Amino acid sequence: MGVKILWLMPITPISVAIRQGTLGSYYACSSYTDINPEYGNLSDFKELVDEAHRLDFKIIIDWVANHTGWDHHWTKEHPEYYIRDAQGNFTERNGWHDVIDLNYDNREMRQAMISAMQFWVKEYDIDGFRCDMAHLVTLDFWKEARPACETIKPLFWLAECEVVEYHDVFDVTYAWSWMHATENMLKGSASMNDVRNVLHGYTQYPKDSAKLFFTANHDENSWNGTEYEKYGYAAKALAVFTCTWQGMPLIYSGQELPNFKRLKFFDKDQIDWKEPVELHDFYKTLLHLHQTSAIVKGETFILPVENDGLMAFFRRNKEEVVLVLLNISENNKLRVTVDHEWLAGRFKGVFSELSYSFQRKEVFELQSGEYLVYSKING
């Protein structure tokens, strides 16, 4: 499909004590340097990473640095690694009763955490980390961890947070605000102007920082619903946005099916894989487009629109030009007039593969939930 990075959710063993559901949360680990036996063993993981690299994938693993499960071996070997409440008990500050918080004032614990991260890089050649709730861990720890791990090899760092300062360390952070703004817009409690304000805020981030855009992920799917529950008719149009705006798109397991069910978080709940994979070509088209220079490093020009349900923008890098038109309203036959010098020339419909000769000024009509993407033909 054009996927370059495989993000594996936590591969570490799950704590048994105070676990939720039948399997517990993979974010409540009992060891940082072992494999959940339900997945196999360390040799199996090494084989997986080697095969992924042979196929030209990068592999990143989920890293849960803020807390462990209640029966992590540190609780017995190093209880001083943990925060305690007034009664001296292990505790947790965010309402997740199956985990306990680590104490980042303890220098020995910080070094043990870094050593555990280095273990996966050195021994299993992973390519980076997706850091769970990264903002709950003090930034100065991440400033220690990244250079320490990169003494072994350069890595990719993704943070589940939207704190601008964390770009001092992380390559990419989540675009939660965009997701919430678009969801609220579809529910009628926000406007397109609110969405634009979020996107403008992202432009103020430090140079070379990037946002991760998504319409679903494991938390959203389980707790708030699939992208079709949240976005309905506009789900695919917003998926197009995630792959054409500046940043990085995330495709969650099963979205290419598509998957219309919420997956249980604490119990085994298999994705019902069946052929044909209906949206395989949809995402393949988008992800290959995302790798063009117009999307990867192009400038963005937002086109003025008269209707609040339309989004229209160019992405351009030198001779590469991409035009994106999205109708994320319930209204049919919405028209948008594009009047810009970048439009003049021959374009190909990215999904239809039909060729068009556009003048500088053209009128496009979109049905509810429709998306039109055109790429300039050069030469």
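How many nonpolar, polar and charged residues are in the lining of the second largest pocket? Eight are nonpolar, seven polar and five charged. Here Ala, Val, Leu, Ile, Met, Phe, Trp, Tyr, Cys and Pro count as nonpolar, Asp, Glu, Lys and Arg as charged, and the others, Gly among them, as polar.

A word on the source. This is a predicted model: local features need pLDDT of at least 70, side-chain atom pairs count only at pLDDT 80 or more, and totals for chains, interfaces and linings use all residues. Residues are numbered from 1 along each chain as its sequence is written, and side-chain values use heavy atoms, leaving out hydrogens and water.

Back to that pocket. Helix 7, residues 218-224, gives the most to its lining, with five residues. Helices are DSSP runs of H or I, at least four residues; strands are runs of E, at least two; both are numbered from the N terminus.

Next, helix 3. Residues 107-124 make up this helix. Its buried residues include Met-109, Met-113, Trp-120 and Tyr-124. Buried means under 20% relative accessible area, with a 1.4 Å probe and protein chains only. Among the elements covering them are helix 1 and strand 5. Just after helix 3, Asp-125 takes a positive phi of about 60 degrees.

Last, Phe-266. Where is Phe-266 found? In the loop between strand 9 (248-249) and helix 10 (280-290). Phe-266 is buried too, at 16% relative accessible area. Phe-266 touches Trp-223 and Asp-98, among others. Contact means heavy atoms within 4.5 Å. From Phe-266 to Leu-286 is 20 residues in sequence, and 32 Å in space, C-alpha to C-alpha.

Terms used
Expected span 1.5 Å × (residues − 1). Buried < 20%, exposed > 50% of the residue type's maximum accessible area, 1.4 Å probe, protein only. Lists of a residue's contacts leave out its neighbours within four places in sequence.
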